[in-house]
Amino acid sequence: MSISTAEKAAGSVGNFLDERISGAKGVKFFARKIFPDHWSFLLGEVALYSFIILLLSGTFLTFFFIPSVDPVTYEGSYKLLEGQEVSQAFASTMHLTFDVRGGLLLRQIHHWAALIFTAALIVHMFRVFFTGAFRKPRELNWVIGVTMAMITMFEGFLGYSLPDDLLSGNGLRIASGIILAIPVVGSYVSFFLFGGQFPGEAFIPRIYTIHVLLLPGILLALITVHLFLVVLHKHTQYPGPGRNNGNVQGFPLFPIYTAKAGGFFFVVFGITTLMAAWFTINPIQNYGSYDPSPIGAGAQPDWYMGFMDGAVRLTPGFLELSGLGYTLSLNIAIPALILPGILTNIAILYPWIEAWATGDKREHHVLDRPRNVPTRTGLGAMAISFYILLWISGGNDIIATHLHLSINDITVFLRAAIFIIPPLVYLVAKRIALGLQRKDREKVLHGRETGRVFRDQDGRYFELHEPLDPFNRWELVAFESYAPSPAPTKADKAGVRKPLAVLGTLQHKLSTFYFQDRVEPVTPRELAAAHSHGEHDEISASGGSEPQGELSGQQ
């Protein structure tokens, strides 16, 4: 078989590189790396590809954007603003939008890609949470993911603040108020960031540097470490026959996974481009250049910052305290600084909290089905409901005007709902998970209901149950059910109180909270007993008593 010129050239290049950097072994290792196949793993890829789109489109935008608030007279194509005094940042963004070929499309691709990146990252994190992919040895990757989520939100906020339009300026004014609410050092931090009193003239250049250089560099480094750890620890996989903590079932990186991943990148790029072409986002020409005196009615931040805005709106104003010539704005500091800090630290520490409850120090490479960890599933659902309520609270004025309701009544309702609904969601989600576990247990023991009813020769009626095949049965029984840890003894045999008895008691209570309500998986003995007794459970599509007649809609 003859070798084409292209193949010879590729072989020569490969041989050249291998002789100089010994890359053949590395290429062989990565080409044979196995990745499991499941649709939920695409969430991380969507985030990665959106980040690449952000880098590409952002590079284009930097060619035309001028990070300066120096006043200029607008003389561009948008006639409604012609002759008005605007900042150079706003004028350059308008020039990019209306006078640069493809500028508006690239601006909107960049903005939509930022929203998709944030959404995919957060949904990916919840997938990791619900399936237990954060367990040993992936705790550090979980911390990296939480850190990336926090940085991404601030990166997005800084990005849509750069055009210096009225909407983004209002957002920066709110950010300035939050910074000023920091006790003792708030005014110093605000003066440092804004170069004096808000708005100052230094904030756009500083935001530009942070947005273009600092935070993208940190994100790129975190993504690199994240991917390195994924390769190092090997990819997690969903439970199934033959899958365990010692293997990975899937496709090799090359050529199968590489082809699929490459094609999926262009799918994400194409969908992002279609969204940018069809759906307008951040039309700064409607807002005008930023002026500290006016504010737009119904101003809303991007969705990922809405929860913080909602928390501030729900916090009562009487928490602002004054005395001795000082003002302590707890009504701002608690919802905008303390609450996010507490939630972020809980998220970061959660892998160790759950590991402490289970007492399990083993490595885990097989994922959990959310129904098999009902307490974790309930906690995740509670967190989502808490976030959604805060996000809704961020639009209480929009809800009031569009639905003709009292904004005060909406605020009071949401203040109560934020304490009532999340615990209810936790209980409901946990009960649903336990119910699904019991349903799985019945299905394993008695087979799948077919909806067909038969009568035997003695006149008794039975429903036809079809036994599960071994592959489907494995998925329903192959999980670990932890039991609460035993109550610790508070004193040793000599009656001396143990110094760490309090920690043991806390660990016992936490373990009881997690695992008191549980459904044990079916054991082989239980399965054999269910299939050997003479009840209707043994009747199946392939065996059992000979039916005398099948019940249908008519007799």
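Me: What should I know before I start?

Reply: The model is predicted, so local features need pLDDT of at least 70 and side-chain atom pairs count only at pLDDT 80 or more, while totals for chains, interfaces and linings use all residues. Residues are numbered from 1 along each chain as its sequence is written, and side-chain values use heavy atoms, with hydrogens and water left out.

Me: Let's take one residue. Where is His365 found?

Reply: Helices here are DSSP runs of H or I with at least four residues, numbered from the N terminus. His365 sits in the loop between helix H13 (330-358) and helix H14 (374-393).

Me: Is His365 buried or exposed?

Reply: Buried means under 20% relative accessible area, exposed means over 50%, and partly exposed is in between (1.4 Å probe, protein chains only). His365 counts as buried because its relative accessibility is 5%.

Me: Which residues does His365 touch?

Reply: Contact means heavy atoms within 4.5 Å. Leaving out residues up to four places away in sequence, His365 touches Pro137, Arg138, His233, Lys234, His235, Thr236, Gln237 and Asn245. There is also a polar contact, which is a pair of N or O atoms within 3.5 Å; within protein, one must be able to donate a hydrogen and the other to accept it, and residues adjacent in sequence count only if both atoms are side-chain atoms. The side chains of His365 and Glu363 are joined by one of 3.2 Å.

Me: How many cavities does a search of the whole structure find?

Reply: On a 1 Å grid over the protein atoms alone, a cavity is a set of points where a 1.4 Å probe fits but cannot get out, and lining residues have an atom within 4 Å of a point. Grid points are joined across faces, edges and corners, and a volume is the space filled by probe spheres set on the points. The search finds 2 cavities of 30 Å³ or more.

Me: What lines the largest cavity?

Reply: Its lining has 13 residues, with Gln437, Asp440, Arg441, Leu476 and Phe479 nearest the centre. Helix H16 (407-446) and helix H17 (470-477) each supply at least two lining residues, and H16 gives the most, with 4 residues.

Me: And which residues line the second largest cavity?

Reply: They are Arg135, Asp368, Asn372, Val373, Phe479, Glu480 and Tyr482.

Me: How many salt bridges does the count come to?

Reply: A salt bridge is a side-chain nitrogen of Lys or Arg within 4 Å of a carboxyl oxygen of Asp or Glu. By this rule the count comes to 17. In one of them, Arg313 pairs with Asp397, and the closest N and O atoms are 2.8 Å apart. That pair links distant parts of the chain, with Arg313 in helix H12 (residues 306-314) and Asp397 in helix H15 (residues 396-403), 84 residues apart. Arg313 counts as partly exposed because its relative accessibility is 22%.

Me: Which residue forms a salt bridge with Lys430?

Reply: Asp517 does, with the closest N and O atoms 3.4 Å apart. This pair also links distant parts of the chain: Lys430 is in helix H16, and Asp517 is in the loop between helix H18 (501-515) and helix H19 (524-532), 87 residues apart. Lys430 is buried, with a relative accessible area of 6%, whereas Asp517 is partly exposed at 29%.

Me: Which residues are linked in a network of salt bridges?

Reply: Arg135, Glu354, Asp368 and Arg376 are linked in this way.

How values were computed
1 Å grid on protein atoms, 1.4 Å probe; cavity = no way out; pocket = protein on both sides within 12 Å on 5 of 7 lines; lining within 4 Å.
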